[in-house]
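Visitor: Could you take me through the packing in this model, one question at a time?

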Amino acid sequence: MEKLTMEKIVNICKQYGFIFQGSEIYDGLANTWDYGPLGSRLKNNIKDLWRKRFVAERENSYELDAAILMNPEVWVASGHVASFADPLIDCKDCKTRHRADKLVEEFTNGAETGDGWDNEKLENYIKDNKIPCPKCGSNNFTTIRKFNLLFETHMGVTEDSKSKVYLRGETAQGIFVNFLNVQRSMRAKIPFGIAQIGKAFRNEITPGNFIFRTREFEQMEYEFFCKPGTDMEWFKFYEEYCMKFLTDLGINKDNLRLRKHKPEELVFYSKGTTDIEYNYPNGFGELWGIADRTDYDLTVHSNHSGKELKYLDPDTNEKYTPYVIEPSVGCDRLLLAILCDSYDEEILEDGTTREVMHFIPALAPYKVAVLPLMKKYHQEKAMDIYHKLSKSFMCTYDEAGNIGKRYRRQDVIGTPFCITIDEETLNNGTVTVRDRDTMKQKTIKIDNLEEYISDRIKF
Ligand code: GAP
């Protein structure tokens with residue numbers, strides 16, 4: 001297959017109902033995207049598997065669904081109001097706006113990320129290396145200003161400074177402010193984790209690359225509270241745990257790499273951060289951030305709110321502020337990685353090309369497609385089987401066009417099993433089950449179908 005481009009993925013997503021441009025009939029709203037019938041299924045499946053790994057299969061793990069709107073003091077205490085900002089630079093000639101650190105990163109092909117550099121260092125680097133404006137090529141930039149990424153809105157009927165609230169910039173803060181609620185109500189013992197899936201909002205200076213960087217996106221965050229001194233051990237554990245989750249999702253490990261942040265790149269709350277990067281069509285980019293947030297968040301919230309946020313060990317009577325290991329992944333970025341990794345164009349023996357999404361079955365939007373060989377004779381039985389299987393799996397039904405074309409339609413949306421209903425079904429109670437990846441067919445008794453599929457879609 002030729003190298004996959006982002007444009008190709010965007011087109012496939014639109015054509016087959018994964019992702020559409022937001023507000024399309026009004027000419028769109030820049031960098032907003034709507035998940036269609038297949039995209040929302042895929043996204044839900046990703047969330048379900050993450051939940052399975054990070055909540056169900058972990059001991060002492062609890063899920064939370066906190067409000068998006070929080071008391072603005074949360075964001076003052078967390079440091080986001082003062083420090084959650086990107087360095088904004090304008091090209092004086094073509095008037096385009098850029099993130100100064102991204103100009104450095106792109107110019108050096110990622111050798112320098114510019115993360116954590118102060119404005120002076122960034123300005124000097126851009127000047128000394130004559131980094132050109134990506135739009136017009138000139139090197140005539142303004143000075144750098146800090147641009148805060150928090151989205152502001154107003155709550156209630158007045159729009160004065162007192163009513164100002166922020167859309168959450170990360171889901172993590174909802175977890176920190178509920179640390180004691182969860183710990184006490186669940187009688188949780190350290191170490192334990194709190195998981196949350198939800199929308200986050202950032203007024204990004206340069207959103208783009210499809211759903212890679214948007215202003216509204218979804219995070220799957222896990223805050224793991226542990227005893228100080230054990231944090232590095234858990235950090236290592238979660239690096240491996242997250243990497244394994246990604247390869248279990250079917251992502252090729254050659255397309256994944258770990259990138260440890262240099263000390264000067266670390267964000268204000270972190271003692272150590274490793275990113276898992278994925279090789280997107282435009283190159284490696286951050287997919288998952290794993291950070292050692294220490295006791296930073298619980299301490300600042302405790303100081304700012306005046307409420308003690310400490311853990312009392314019931315066995316030793318020791319009281320302390322736990323440390324936090326945070327694996328935080330963007331659901332949309334993960335979905336993009338899965339789409340890019342699963343798509344293939346295969347040349348078949350007859351010289352034709354088949355487009356196929358090799359999703360692992362647990363991720364596939366539809367697990368099964370039920371296809372009557374001939375509508376006239378097999379429709380009724382096929383509908384019977386479709387209704388029966390639909391009680392257990394997401395199924396689709398297709399009776400339009402020849403069977404080969406129907407298989408292709410299912411291949412490109414990643415349906416792992418196609419079930420064909422034919423004369424044998426009517427006479428012997430069997431169906432043929434075609435496997436998407438091998439394209440081989442098997443005869444299965446209707447009575448065994450559910451078990452056959454269940455066994456193959458497990459995660
Ligand atoms: N609580 C820590 C935190 O929010 P982050 O590295 O800023 O850390 C975590 O974000 C993850 O959220 C990233 O690794 C990425 O997958 C996703 N993410 C961040 N900003 C995003 C954006 N503008 N669009 C889409 N996903 C984003």
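This is a predicted model: local features need pLDDT of at least 70, side-chain atom pairs count only at pLDDT 80 or more; totals for chains, interfaces and linings use all residues.

Guide: Residues are numbered from 1 along each chain as its sequence is written, and side-chain values use heavy atoms, with hydrogens and water left out.

Visitor: Which strands stand at the edges of the five-strand sheet?

Guide: Five strands form an open sheet of mixed pairing in the order 20-19-21-22-23, where strands are DSSP runs of E with at least two residues and helices are runs of H or I with at least four, numbered from the N terminus. Two strands pair if DSSP finds at least two bridges between them. One side of each edge strand is left without a neighbour in the sheet, because each has a single partner strand, and these are strand 20 (395–397) and strand 23 (441–445).

Visitor: In strand 21, which residue is the bridge partner of A369?

Guide: Strand 19 (residues 368–372) and strand 21 (residues 417–421) run parallel and are joined by five bridges. In strand 21, the residue paired with A369 is C418.

Visitor: What angle does the direction of helix 15 make with that of strand 23?

Guide: Helix 15 packs on the sheet and touches strand 19, strand 21, strand 22 and strand 23, contact meaning heavy atoms within 4.5 Å. Axes are lines fitted to C-alpha atoms, for helices over the stretch in contact, and angles run from 0 to 180 degrees between N-to-C directions. On that scale, the direction of helix 15 makes with that of strand 23 an angle of about 125°.

Visitor: How are helix 12 and helix 15 oriented to each other?

Guide: The axes of helix 12 (residues 375–390) and helix 15 (residues 446–456) come within 11 Å and cross at roughly 40°. Angles under 35 degrees count as roughly parallel, over 145 as roughly antiparallel, 65 to 115 as roughly perpendicular and the rest as oblique. Helix 12 and helix 15 are therefore oblique.

Visitor: Which residues of helix 15 make the contact with helix 12?

Guide: From helix 12, the contact draws on K381, I385, K388 and L389. On the side of helix 15, the residues are I446, L449, E450 and I453.

Visitor: Why is the pair of F54 and Y241 called edge-to-face, and which helices hold the two rings?

Guide: Rings of Phe, Tyr and Trp (its six-membered ring) pair if their centres lie within 6.5 Å, and planes under 30 degrees apart count as stacked, over 60 as edge-to-face and the rest as tilted. The rings of F54 and Y241 have centres 5.3 Å apart and planes at 90°, so the pair is edge-to-face. The pair ties together parts that are 187 residues apart in sequence, because F54 lies in helix 2 (residues 37–56) and Y241 in helix 9 (residues 231–248).

Visitor: At roughly what angle do the axes of helix 2 and helix 9 cross?

Guide: The contact of these helices includes F54 of helix 2 and Y241 of helix 9. The axes of helix 2 and helix 9 come within 12 Å, and they cross at roughly 145°.

Visitor: Which peptide bond is cis, and which residue other than glycine has a positive phi?

Guide: Most residues other than glycine have a negative phi, and most peptide bonds are trans. The cis bond, with omega near 5°, runs from I190 to P191, and P191 is placed in the loop between helix 8 (179–185) and strand 9 (192–201). In the loop between strand 9 and strand 10 (216–226), the residue with a positive phi, near 60°, is F210.
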